[in-house]
Amino acid sequence: MFQGTASDVGKSIITTAVCRIFYQDGFKTAPYKSQNMALNSYVTLCGKEIGRAQGVQAEACGITATTDMNPILIKPTRDMTAQVVVHGRPHAEMSARRYREEYLPIAGTIVRDALDRLKSEYEVIVIEGAGSPAEINLKDRDIVNMRLAGWADAPVVLVADIDRGGVFASIVGTLELLEEHERSRVKGFIINKFRGDIAILQPGLDWLEQRTGIPVLGVVPHLNGIDIEAEDSVALDHQQDNLNSDADIDVAVIRLPRISNFTDTDPLGAEPDVQVRYVQSPEELGNPDVILLPGTKNTLADLGFLRETGLAEAIRKRAASGTRLVGICGGYQMLGARLSDPHQVESEEGKAAGLGFLPAETVFYPDKRTERVRGTVACNHPEWLELQGISVEGYEIHMGRTDKLEPVEGLFQIGGHEDGMLSADGRIWGTYLHGIFENDEFRRKWLNLIRQDKGLAPLPTDIHFQSRKTAAFDRLADHARAHLDIDKLYRIAGLK
């Protein structure tokens, strides 16, 4: 089990790397996280929703993700309230207090049962903790850190982030706040996100091992361009450091307060001619070629954010001057004329006017659609003729239904129904398909429309996103093998 001294120390990435290493070495391996709090979710093949990190980790293990790998997912909807998803289906909306006092005792049984099923199917389970095991106010009902390690009888490796400073204090302080039986489970440390000369750090590593009697399994350098999907939107804080200012195409993604499934834009950022920027104000918006409105866990509240910040008006001005505009899921709902939430599914606001770019109305219902889908580009707009008939696949996660208020071009044919809408000029479109840009031919031909706008020659489809993901897992595993004591890790895991 990998636990951390804090949130965002890199537990998910370390877990993914070790999952890949065990898979490469021939072990039937599965990831597990009992309770996950995230808005960036993953839809399994059977249409169930889990944390995206566990879906990605399952891919690293070469297996199909199931809800047993993340039986409880918590998706914040508003301040102090979240949707609790149990085995991939919405269970209830709860306050933090209600969840802790009423549901955690039930949740403990659910997560233990899921773990037992995985243990019966796989040789190795790689468990990821959440936050820190030293949260004193949460320990008595913990189901995700040290109590879970006890239920699983799992040795624990503690991960710490040196990039944020105070790494030795965070490790020793965490150990000090654990009970003796919890400390005895900690068998190693990993210091993550290192930048610098290891020789300068070595005296500190020696002191740490002498002070605690626990070995340092490795110091893992920061890895640029890791190309593995992040789960927490805090990762967006670091994306601005890697902008491609020489790119031909500038894509501005609106960083909504409740942004979800932001990894939809990862394939765009992988293209050599594209720069993807996340913006939160009209000043940051600038003059992009494309504005993208991503998914959100609370469409009405984030629509209010656009109006309060002046982004709604700035988007309107840019669209009027020819900037292309794309909405995915919640962003698609915002592009419509009006939105209604009569059952208070997402918010207490009831109804609101949309941005008005598409003649559509969205009504929110308590039932949630989660499904993996396949289809084709089916619109007949002259500008989109090059894309017509292209096969696409993706996944849907939404609680709203969007209907046309007047005749307008649809975008995709998904099974027996139409998805998405396209404006009369072909420059504004929306869809419920998360993962739409992972479709290589669709992504490249749509980007070539923008290149054509700018008088640039089209580019071929050179980026193959799925094979790129596979290569990224192997690169991550190679990086971990180079900087961790893998033999010692195997001994801790009780494996040969």
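1. Basis. This is a predicted model, in which local features need pLDDT of at least 70 and side-chain atom pairs count only at pLDDT 80 or more, while totals for chains, interfaces and linings use all residues. Residues are numbered from 1 along each chain as its sequence is written, and side-chain values use heavy atoms, with hydrogens and water left out.

2. Strand β7 (residues 81-86) and strand β8 (residues 89-95) run antiparallel and are joined by 6 bridges. Two strands pair if DSSP finds at least two bridges between them; strands (E, at least two residues) and helices (H or I, at least four) are DSSP runs, numbered from the N terminus. The hairpin leaves 2 residues between β7 and β8, and H87 in the turn has a positive phi of about 45 degrees.

3. Strand β16. Buried residues (under 20% relative accessible area, with exposed over 50% and partly exposed in between; 1.4 Å probe, protein chains only) cover both faces of strand β16 (residues 290-293): V290 and L292 on one side, I291 and L293 on the other. Strand β13 (residues 249-254) pairs with β16 in the parallel sense over 3 bridges, and L292 is the bridge partner of V253. β16 also runs parallel to β18, with 4 bridges joining them; here L293 stands opposite G327.

4. Most residues other than glycine have a negative phi. C329, in the loop between β18 (324-328) and α13 (330-335), has phi near 55 degrees. C329 is buried, with a relative accessible area of 6%. D8 has a positive phi of about 60 degrees and is found in the loop between β1 (2-4) and α1. At 32% relative accessibility, D8 counts as partly exposed.

5. Helices α1 and α16. Two packed helices are described by the angle between their axes and the distance between the axes. Helix α1 (residues 11-24) and helix α16 (residues 486-493) pack at about 85 degrees, with axes 13 Å apart. Axes are lines fitted to C-alpha atoms, for helices over the stretch in contact, and angles run from 0 to 180 degrees between N-to-C directions. α1 and α16 are therefore roughly perpendicular (65 to 115 degrees; under 35 is roughly parallel, over 145 roughly antiparallel, the rest oblique). V18, I21 and F22 in α1 meet I486, L489, Y490 and A493 in α16, contact meaning heavy atoms within 4.5 Å. By class, this contact has 7 nonpolar, no polar and no charged residues. Nonpolar covers Ala, Val, Leu, Ile, Met, Phe, Trp, Tyr, Cys and Pro; charged covers Asp, Glu, Lys and Arg; the others, Gly among them, are polar.

6. Helices α5 and α7. The axes of helix α5 (residues 167-176) and helix α7 (residues 198-212) come within 11 Å and cross at roughly 10 degrees, so α5 and α7 are roughly parallel. On the α5 side the contact is made by F168, I171, V172, L175 and E176, and on the α7 side by L201, G204, L205, W207, L208, R211 and T212. By class, the contact has 8 nonpolar, 2 polar and 2 charged residues.

7. T29. This residue lies in strand β2 (residues 29-32) and counts as buried at 1% relative accessibility. Not counting residues up to four places away in sequence, T29 touches C19, F22, Y23, C61, I63, Y122, V124 and V126.
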